[in-house]
Amino acid sequence: MADDYLVRIGKLIRDARQHRGWTQAQLAEALGTSQSAVNRIERGNQNISLEMIARIGEALDSEIVSLGYAGPMHLRVVGGRRLSGSIDVKTSKNACVALLCASLLNKGRTVLRRVARIEEVYRLLEVLNSIGVRTRWINDGVDLEIVPPAELDMGAIDAEAAVRTRSIIMFLGPLLHRMDRFKLPYAGGCDLGTRTIEPHMIALRRFGLDVAATEGQYHAVVDPAVRPDRPIVLTERGDTVTENALLAAARHDGVTVIRNASSNYMVQDLCFFLEALGVRVEGIGTTTLTVHGVPTIDVDVDYSPSEDPVEAMSLLAAAVVTESELTVCRVPIEFLEIELAVLEEMGLDHDRTPEYFADNGRTRLVDLTVRPSKLEAPIDKIHPMPFPGLNIDNVPFFAAIAASAQGKTLIHDWVYDNRAIYLTDLNRLGGRLQLLDPHRVLVEGPTRWRAAEMMCPPALRPAVVVLLAMMAAEGTSVLRNVYVINRGYEDLAERLNSIGAQIETFRDI
């Protein structure tokens with residue numbers, strides 16, 4: 001029995017290492033051991049302590065076995081079932097995490113309505129609580145109340161929670177107005193290849209922030225005498241870069257012009273929230289933002305973030321892949337118009353209701369009904385562009401959709417280093433995806449999906465794409481260690497079950 005467990009643990013470690021893209025030698029170096037020892041562990045030929053398992057999990061950022069609490073969560077999927085009925089889109093994950101960071105600007109009470117209860121939010125709340133911010137769920141756990149302390153205790157920051165989220169990088173903008181020096185752990189999150197903070201620093205240096213990255217931390221020093229004296233031009237039109245610049249500009253006592261800004265959905269929600277704080281923002285929805293900052297923000301604010309266009313795309317893809325008729329309600333249509341135009345070209349049969357406003361009073365929503373369709377591969381390649389182009393996070397869903405279409409589709413995910421590689425996990429479920437290089441994959445359809453047991457990819461959207469393919473595959477599949485899905489989706493399995501899926505959550509070791 002003990003040998004059996006060693007083999008199972010070894011397989012989990014091997015799968016986690018391979019999905020991280022590491023060799024046995026790289027894992028051995030991280031653990032301070034030999035490659036031969038890692039090889040023996042993965043083959044189940046070496047006794048392994050709980051301490052070593054925990055160290056391996058930390059090195060691979062994977063909950064292989066959890067100590068002191070329930071082990072990693074897995075999903076058992078009975079596929080080949082049709083979905084039906086209707087389902088509401090939840091509020092935006094990316095907007096919610098930006099608003100949590102933005103709450104640090106405010107000395108007053110912040111209430112955020114219908115906050116996504118996801119792991120990414122929980123990690124940020126752990127960080128905020130550790131530095132003295134009081135948070136509590138109110139109104140039967142639907143809304144979130146945030147009350148900051150007079151002084152933040154950055155020395156007590158929960159580093160373990162911080163390194164598990166990329167969103168911690170958005171603390172830089174608010175904190176530079178609160179203290180002259182502070183430290184933040186390195187940003188973590190999905191494994192999407194090397195990503196530099198230099199675009200953030202190009203913007204934030206204009207507000208006097210200087211950061212040295214050493215020993216697993218960002219060491220930040222602020223010179224309050226430095227102020228932006230001309231427009232800030234972002235070197236990349238990134239969402240978090242734009243948000244960080246906005247957060248810095250909000251409490252700058254003057255006017256800040258930000259050019260080459262992202263106009264994506266989470267940036268717009270942040271702008272609407274800043275307006276509720278008393279900060280005037282001109283150019284919302286464009287690539288030039290003019291921010292009229294205020295040096296002190298002390299207001300009680302109540303704000304409702306809009307719905308998540310990427311979750312909406314997930315649900316639309318679920319209907320397409322399972323050949324189902326499904327109504328997806330509260331879809332933020334202005335952030336899915338390109339995706340729907342591509343799907344119409346491919347032959348998608350769908351209709352939509354007249355537009356209505358989200359609870360923030362600004363974002364346009366519709367209800368979309370999707371019906372089973374005979375899809376053809378698009379003539380042009382699928383590739384992301386900054387808004388109003390096809391959303392970067394929606395590209396992976398086209399891998400599953402293209403696999404359901406007749407013909408060959410080229411997907412070019414030029415933004416991330418590793419994400420296209422993870423899409424080839426669909427081959428284990430019967431897909432025919434050919435990796436041309438780290439950014440391009442050729443998808444051939446239609447696909448006869450088949451059930452499989454596999455490790456969850458370490459990137460959020462490819463992980464959900466694998467789950468959708470499992471829902472389409474006849475038979476029973478198992479997707480192991482789905483923490484990454486829980487980072488970005490609230491109760492996804494239960495909600496899919498409510499419209500006809502059959503997904504069971506379970507834990508083993």
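Entry 1: I am working with a predicted model. I looked up the strand order first. Four strands form an open sheet, running β9-β10-β12-β11, with mixed pairing. I then asked which strands stand at the edges. They are β9 (232-233) and β11 (280-282); each has a single partner strand, so one side of each is left without a neighbour in the sheet. I followed β11 to its partner. Three bridges join β11 to β12 (residues 288-292), and the two run antiparallel. Across from R280 I found H292 in β12. I also noted helix α10 (residues 239-250), which lies across β10 (255-259) and β12. Its angle to β12 is about 25 degrees.

**Entry 2: aromatic pairs.** I counted three aromatic pairs. In one, the ring centres of Y265 and F335 are 6.0 Å apart and the planes are at 65 degrees; over 60 counts as edge-to-face, so this pair is edge-to-face. Y265 is in helix α11 (residues 265-276), while F335 is in the loop between β14 (326-332) and α13 (337-346), 70 residues apart. Are these residues buried or exposed? Y265 is buried at 4% relative accessible area, and F335 is buried at 6%.

F273 and Y303 also pair edge-to-face, at 5.8 Å between centres and 70 degrees between planes. F273 is in α11 and Y303 in strand β13 (residues 301-303), 30 residues apart. F273 is buried at 0%, and Y303 is buried at 6%. I also saw that ring pairs link Y265, F335 and F387 into a cluster.

**Entry 3: charges over rings.** I checked R76: its charged end sits over the ring of F506, 4.0 Å from the centre. The charged end of R117 sits over the ring of W137, 3.9 Å from its centre.

Definitions and conventions: Residues numbered from 1 in each chain as written. Predicted model: local features only at pLDDT ≥ 70, side-chain atom pairs only at ≥ 80, totals over all residues. Heavy atoms only, no water. Pairing = 2+ DSSP bridges. Contact = heavy atoms within 4.5 Å. Axes fitted to C-alpha atoms, helices over the stretch in contact; angles between N-to-C directions. Phe/Tyr/Trp six-rings, centres within 6.5 Å; stacked < 30°, edge-to-face > 60°. Buried < 20%, exposed > 50% of the residue type's maximum accessible area, 1.4 Å probe, protein only. Lys NZ or Arg CZ within 6 Å of the ring centre and 35° of its normal.
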